[in-house]
Amino acid sequence: MMVWAVIFGMGLLVFLNRYVFLEPRLPLRLGSNARQFLGFAVPGMLTAICGPIVFMPDHQLNLQWHNPYLLSSLVAIALVVFTRNTLLSMLLSMAFFFLLRWWM
Amino acid sequence: MSSQLLPRAAFVRGAIAIIPLSLATAPWGLLAGSMAIEANLTPLQGQGLSGIVFAGAAQLVAIGMLKGGAGIFSILLTTLLLTSQHLLYGMSLRSVISPLPGRWRMGLGFLLTDELFALISAHDREQFNRWYALGVGLTFYVAWNLFTLAGIVLGKSIPGLEHLGLDFSIAATFIALITPLVRNVPTVVCVAVSLFCSVLFSYWQWGSALVLSGLAGMTAGFICNKLYRERT
């Protein structure tokens with residue numbers, strides 16, 4: 001019973017987090033400062049998701065140059081800069097990562 | 001005729017666009033299913049987590065906490081901290097989603113994940129297409145639940161799944177989405193601060209590391225932008 005209460009409670013909380021600012025009756029008008037701030041949401045949030053994946057594989061800090069996550073991320077950035085192709089860079093950097101893991 | 005066809009075409013384009021990210025999260029979906037069984041949840045409860053909560057990180061942490069005998073209050077508080085980045089996503093998408101009819105707002109709100117935000121946030125009011133967003137969100141929802149189901153069926157027989165390095169595919173996707181955006185100094189500052197804080201806060205094991213480091217990066221970028229504009 002407790003487990004179902006947790007599941008429905010979590011579901012409700014997560015939905016409220018996602019929905020609250022989408023509700024038009026919420027009296028909130030975003031000024032130009034707020035819009036500028038939110039303009040940084042994509043690079044800011046997506047980077048924050050990547051950081052721990054790249055620098056803390058298996059939940060341990062790894063700042064060494066032969067960390068395959070770090071090397072492959074640098075390869076991914078270089079590929080995007082030089083090819084300007086999102087999908088190609090993604091696939092090639094993943095291939096590089098798995099080759100590197102297999103080889104190391 | 002073409003206007004009738006447009007929603008379907010947009011939906012299919014969204015469904016295709018999310019396929020790489022859906023596959024990238026496969027290991028976490030499998031893990032969410034198999035961990036639930038391992039923590040003595042029933043198969044229905046394991047599936048219910050993915051079907052009702054639909055938030056990967058929060059699900060995995062909650063299962064771990066249930067297994068450890070944590071109380072409902074601490075689990076809910078942790079969920080709130082772990083998923084608070086969605087508040088920012090909602091605020092950022094407010095201008096395009098809040099004018100939609102109620103069932104669209106509720107539907108897209110329920111489907112609003114990191115991945116959906118990553119794919120549709122670049123769209124302004126003219127580019128935004130509700131069917132494209134629905135295609136992305138619904139496909140991701142179905143994929144996440146199917147991977148969870150697979151994890152439940154396989155149960156304990158997939159050891160070491162989290163050590164295969166499949167999580168790099170999430171990083172690769174997001175890097176490919178972020179890099180083209182980094183074209184000016186404020187964005188460089190935003191990314192650098194966010195990256196530094198995310199590693200530091202995760203190292204300190206803060207529950208809300210994700211949203212706090214994102215906010216720090218956004219604030220740094222915003223301030224830098226202000227200073228930059230005043231000078232020129």
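Two packed helices are described by the angle between their axes and the distance between the axes. Axes here are lines fitted to C-alpha atoms, for helices over the stretch in contact, and the angle runs from 0 to 180 degrees between N-to-C directions. Helix α1 (residues 2-19) of chain A packs against helix α7 (residues 85-97) of chain B at an angle of about 35°, and their axes lie 6 Å apart. On the chain A side, the contact is made by N17(A), R18(A) and Y19(A), while α7(B) brings H86(B), L87(B) and G90(B).

The wider meeting of the chains comes next. In total, 58 residues of chain A are in contact with 74 residues of chain B. On the chain B side, the element that gives the most is helix α11 (residues 168-178), with 11 residues. The side of chain B that touches chain A is made up of 44 nonpolar, 26 polar and four charged residues.

Turning to chain A by itself, its secondary structure consists of five helices and zero strands, and the pattern along the sequence reads α-α-α-α-α. The radius of gyration of chain A is 20 Å, well over the 13 Å that the globule rule gives for 104 residues, so the chain is more spread out than a compact globule. Its C-alpha trace spans about 55 × 45 × 25 Å along the principal axes. Of the 104 residues in chain A, 42% are buried. Among contacts in chain A with a separation of 6 or more, 26% join residues 24 or more positions apart.

How confident is the prediction for chain A, and what is its average pLDDT? The average is 90, and 99% of the residues score at least 70. Within chain A, confidence is highest in α1(A), at a mean of 95, and lowest in helix α2 (residues 32-38), at 86.

Terms used:
Residues are numbered from 1 along each chain as its sequence is written. Chains are lettered from A and ligands numbered from 1 in the order in which they are written. This is a predicted model: local features need pLDDT of at least 70, side-chain atom pairs count only at pLDDT 80 or more; totals for chains, interfaces and linings use all residues. Two residues are in contact if their C-beta atoms, placed from the backbone, lie within 7 Å. Helices (H or I, at least four residues) and strands (E, at least two) are DSSP runs, numbered from the N terminus. Ala, Val, Leu, Ile, Met, Phe, Trp, Tyr, Cys and Pro count as nonpolar, Asp, Glu, Lys and Arg as charged, and the others, Gly among them, as polar. pLDDT is the predictor's confidence in each residue, from 0 to 100. The radius of gyration is taken over C-alpha atoms; the globule rule is 2.2 Å times the number of residues to the power 0.38. A residue is buried if 20 or more other C-beta atoms lie within 10 Å of its own, exposed if 12 or fewer, and partly exposed in between; C-beta atoms are placed from the backbone.
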